[in-house]
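Hi everyone, thanks for making time this morning.

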Amino acid sequence: MTTGVTPSTLAPRAAVVGVVTGLFLMAFFTLMWSANTFAAWPAAVAWPIWAAFAILAVCFIAQGVRLIGLRKRFPAKLSAEDEQYRRSSGRAFGIIFGAEALAIWIVVLILNATGQADYVVPAIALIVGLHFYPMARVFRRTIDLYLATWTTLVGLAGIGALAAGASEDLVIGMVAVGAALATTIYGVYISREAGKLIRGARQAA
C-alpha cells in the first residue's frame, strides 16, 4: 500500500529542529506564566491551575522528544530557497527576540525605579504580545496575529485594571493565566504540526 509520503517529500531536518524548539519554548513559558499565580493567589487556588498547565507543558515536551527520536529520517540537505529562508528568518528572530528582552529589561527597571512594580507583570505581557506581530511575518503564520492580539489585550487590560484601582494580586493572577493560555494554545498548535511530521516520517520509513 502506498502512502504518497517518501523521504524526498519530508520536511527538512532544520524545520524539525524549529518545531522541537517551539515546543520546548512553549512548555517553558507556559510553566513560567502560570507559576505567577502562586505570587497572587492562595496555594489552594494556584496549585490546581499550575498543575493543569504543567500537564500540558509535559505533553509539549513529550511530543518534542518523540520528534527528536525521528529526526534522522528527515533530509538534512536544504534547497537554496529553504536555506535562504532559514538564514533570514533566524536573523529576524534573533533581532526581534533581542529587542523584546531589551524592552522588558528597560521597562522593568523604570517601573521598579518609579515605585510602580505592580505594573511589571502586565507590562511584560504587553511587550510579549507586541513581539508576536512581527513574528507572524517572519514565520508566515496567521496564528501569531491572533495570539499577539490576545496577549496584547491581556496586558493592556491588566494595566487598565491597576490604574482603575483593582487589586494587584487579582490583576497579576488574571494576566498570568491569560498569558499562559496564549502559550498553551501556541503549544497545541505546534504539537499538531509535530504530529504531522511524525506521521510523515513513519509513513516514509
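**Starting from one proline**

Let me begin with Pro122, which is buried, with a relative accessible area of 0%. By buried I mean under 20% relative accessible area, with exposed meaning over 50% and partly exposed in between, using a 1.4 Å probe and protein chains only. Before going on, a word on where this comes from: it is a predicted model, where local features need pLDDT of at least 70, side-chain atom pairs count only at pLDDT 80 or more, and totals for chains, interfaces and linings use all residues. Residues are numbered from 1 along each chain as its sequence is written, and side-chain values use heavy atoms, with hydrogens and water left out.

Back to our proline. Pro122 sits in helix H5, residues 120–139. Helices here are DSSP runs of H or I with at least four residues, strands are runs of E with at least two, and both are numbered from the N terminus. What does Pro122 touch, leaving aside its neighbours within four places in sequence? The contacts of Pro122 are Gly155, Gly158, Ile159, Leu162 and Val175, where contact means heavy atoms within 4.5 Å. Take Val175 from that list: it lies 53 residues from Pro122 along the chain, yet their C-alpha atoms are separated by 6.2 Å.

**The whole chain**

Now let's zoom out. The protein chain has 7 helices and 0 strands, so if you read the elements from the N terminus on, you get α-α-α-α-α-α-α. The C-alpha trace spans about 65 × 35 × 20 Å along its principal axes. Of the 205 residues in the chain, 39% are buried. Among contacts with a separation of 6 or more, 79% are between residues 24 or more positions apart.

**H5 and H6**

Two packed helices are described by the angle between their axes and the distance between the axes. For H5 and helix H6 (residues 143–163), the angle is about 160 degrees and the axes are 7 Å apart. The axes are lines fitted to C-alpha atoms, for helices over the stretch in contact, and the angles run from 0 to 180 degrees between N-to-C directions. H5 passes H6 in a left-handed crossing, meaning that the near helix is turned anticlockwise from the far one by less than a right angle, whereas clockwise would be right-handed.

Among the H5 residues that meet H6 are Pro122, Leu126, Phe132 and Tyr133, and the H6 side includes Asp144, Gly155 and Leu162. By class, this contact of H5 with H6 has 16 nonpolar, 6 polar and 1 charged residues. Nonpolar here covers Ala, Val, Leu, Ile, Met, Phe, Trp, Tyr, Cys and Pro, charged covers Asp, Glu, Lys and Arg, and the others, Gly among them, count as polar.

In the loop between H5 and H6 you'll find Arg140. Most residues other than glycine have a negative phi. Arg140, though, has a positive phi near 55 degrees, and Arg140 is exposed, with a relative accessible area of 63%.

Next, helix H1 (13–35) and helix H7 (168–204). H1 and H7 pack at an angle of about 155 degrees, with their axes 8 Å apart. That makes H1 roughly antiparallel to H7, and their crossing is left-handed. The contact of H1 with H7 has 14 nonpolar, 7 polar and no charged residues.

Beyond residues up to four places away in sequence, Thr184 touches Thr30, Phe53, Leu56 and Phe60.

Phe53 and Phe60 are themselves among the buried residues of H3. Those buried residues pack against H1, H2 (37–40) and H7. H3, residues 43–69, has 27 residues and reaches 37 Å from its first C-alpha to its last, close to the 39 Å expected at 1.5 Å a residue. That expected span is 1.5 Å times one less than the number of residues.

Finally, H4 (residues 80–113) has 34 residues and should span 50 Å, which agrees with the 50 Å between its end C-alpha atoms. Its buried residues are Ser89, Ile96, Glu100, Ile104 and Leu111, and what covers them includes H5. Just after H4, Gly115 takes a positive phi of about 70 degrees.

How values were computed:
Angles under 35 degrees count as roughly parallel, over 145 as roughly antiparallel, 65 to 115 as roughly perpendicular and the rest as oblique.
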